[in-house]
Amino acid sequence: MAFNGRGFRKIVIDGKNYRWKFDQTLIVIRENKKNDRLEVDIGWYDEWLYLNDQHNKPKAKFPESVTPSFVKDAVIFASKSGWISGSFYLVHRSDVFSVR
């Protein structure tokens, strides 16, 4: 994905600049290293897709909103789990991060 900066918000974590946005998944990019990308699947789905199909509605619990604090927690977890450069993928389910 080419990085054009549209729709991304700035955040500083441990003195490093990042940009992030949420569009069904959380995407975090190091500001000066565009190829360093963290992607977090939080299990989000559109409630309207299951309005008439409650039987098949996913049971996953996802955050009510993606906040800067949530982004910070994701970046810190990814860094401790080995994200140094390049693409890194996390899954967040029931308030717990894991590496995908």
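A: Start at Leu26. Beyond its neighbours within four places in sequence, Leu26 is in contact (heavy atoms within 4.5 Å) with Trp20, Lys21, Leu38, Glu39, Val40, Val66, Phe70, Val71 and Ala74. This is a predicted model, in which local features need pLDDT of at least 70 and side-chain atom pairs count only at pLDDT 80 or more, while totals for chains, interfaces and linings use all residues. Residues are numbered from 1 along each chain as its sequence is written, and side-chain values use heavy atoms, with hydrogens and water left out.

Leu26 belongs to the largest nonpolar core, which has 19 residues. Such a core is a set of buried Ala, Val, Leu, Ile, Met, Phe, Trp, Tyr and Cys residues joined through side-chain atoms within 4.5 Å. Buried means under 20% relative accessible area, exposed over 50%, and partly exposed in between, using a 1.4 Å probe and protein chains only. Leu26, Val28, Leu38, Val40, Val71 and Val75 touch the most other members. Two or more residues come from each of β1 (9-13), β2 (16-22), β3 (26-30), β4 (33-41), α1 (68-80) and β5 (87-93). Helices (H or I, at least four residues) and strands (E, at least two) are DSSP runs, numbered from the N terminus. α1 gives the largest share, five residues.

Now the sheet. Six strands form an open sheet in the order β1-β2-β3-β4-β5-β6, with mixed pairing; strands pair if DSSP finds at least two bridges between them. β1 and β6 (96-99) are the edges, each pairing on one side only. The twist averages 30° from one strand to the next. β5 and β6 pair in the antiparallel sense over four bridges. There, Val91 stands opposite Ser98 in β6. α1 lies across β1, β2, β3, β4, β5 and β6, at about 55° to β1. Axes are lines fitted to C-alpha atoms, for helices over the stretch in contact, and angles run from 0 to 180 degrees between N-to-C directions.

Last, the charges. There are four salt bridges, each a side-chain nitrogen of Lys or Arg within 4 Å of a carboxyl oxygen of Asp or Glu. In one, the closest N and O atoms of Arg19 and Glu31 are 3.2 Å apart. Arg19 lies in β2 and Glu31 in the loop between β3 and β4, so the pair ties together parts 12 residues apart in sequence. Arg19 is buried at 17% relative accessibility; Glu31 is partly exposed at 23%. Asp36 pairs with Arg30 at 3.1 Å, and both are buried. Glu39, a contact of Leu26, bridges to Arg37 at 3.3 Å. Glu39 is buried at 18%, and Arg37 is buried at 16%.
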